[in-house]
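Please find below a colleague's note on the structure shown here. The points may be read in order, with the model at hand.

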Amino acid sequence: MKLALQTRAIDNVTVLYCQGRFTYRDEATAFSQKISELLPNTRQLIVEFSGLDIIDSAGLGELVVVHMWTRASGCSLKLAGANDRILHLLDLTNLSRIFDIHPTLNEALLAFGRDGEKSRSAGHAA
């Protein structure tokens, strides 16, 4: 199955659901194109991988590009729901060190809530 992408807004967070195979050129290009469409309108983004079967080097490369885009645009990015194989691949490539990875979508959403609390607390302390 090719890569299927769906978006959903949950509170102030945009969730991009990835399902199928995140491989080779076409899927990687579709992923980047979808992110570029979302970035102007979101400050918090979760890429949800629970429906993803496999990711290859092209997919990993696109994740790195998207990471740079989100940082440059001031958007916060989290990954959620990756299976053990994908997590292992992220570890092997040291990408797990640059991404904010959560076991489930709910945990990623909660982390955004905590991030917001930290920001508000820091703002009140100033």
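The numbered points below go from the overall fold to single residues.

1. The model under discussion is predicted. The protein contains 4 helices and 5 strands. Read from the N terminus, these elements follow the order β-β-α-β-α-β-α-β-α.

2. Overall dimensions. How does the radius of gyration agree with that of a compact globule? For 126 residues, such a globule would have a radius of gyration near 14 Å, and the protein has 14 Å, so the two agree. The C-alpha trace spans about 50 × 30 × 25 Å along its principal axes.

3. Contacts along the chain. Consider the contacts between residues at least 6 apart in sequence: 68% of them join residues at least 24 apart.

4. Surface and burial. Of the 126 residues, 39% count as buried. The accessible surface comes to about 7,200 Å², and carbon and sulfur atoms account for 50% of that area.

5. Charges. The protein carries 13 positive and 14 negative side chains. The centres of these two sets lie 4 Å apart.

6. The largest nonpolar core. In soluble globular proteins, nonpolar side chains tend to be buried together. Here the largest nonpolar core has 25 residues, and Phe22, Phe31, Phe49 and Leu63 are those with the most contacts inside it. Two or more residues each come from β2 (13-22), α1 (24-38), β3 (44-55), α2 (57-73), β4 (76-80) and α3 (84-92). The largest share, 5 residues, is given by β3.

7. Phenylalanine 31. Which residues does phenylalanine 31 touch, leaving aside those up to four places away in sequence? They are Leu3, Leu5, Leu16, Cys18, Phe22, Val47, Glu62, Leu63 and Val66. Two of these partners, Phe22 and Leu63, were named above among the residues with the most contacts inside the core.

8. The second core. A separate core of 9 residues is also present, and Val13, Ala80, Ala108 and Phe112 are among its members.

9. Valine 13. This residue lies in strand β2. Is valine 13 buried or exposed? Its relative accessibility is 5%, and buried means under 20%, so valine 13 counts as buried. Not counting residues up to four places away in sequence, valine 13 touches Arg8, Gln44, Ile46, Leu109 and Phe112. One of these, Phe112, belongs with Val13 to the second core.

10. A distance to check on the model. Valine 13 and glycine 81 are 68 residues apart along the chain, and their C-alpha atoms are separated by 16 Å.

Note on methods:
Residues numbered from 1 in each chain as written. Predicted model: local features only at pLDDT ≥ 70, side-chain atom pairs only at ≥ 80, totals over all residues. Heavy atoms only, no water. Rg over C-alpha atoms; globule rule 2.2 N^0.38 Å. Buried < 20%, exposed > 50% of the residue type's maximum accessible area, 1.4 Å probe, protein only. Contact = heavy atoms within 4.5 Å. Areas by Shrake-Rupley, 256 points an atom, 1.4 Å probe, with all protein chains shown as cover. Lys, Arg positive; Asp, Glu negative; His and termini not counted. Charge placed at Lys NZ, Arg CZ, Asp CG, Glu CD. Core = buried A, V, L, I, M, F, W, Y, C linked by side-chain atoms within 4.5 Å.
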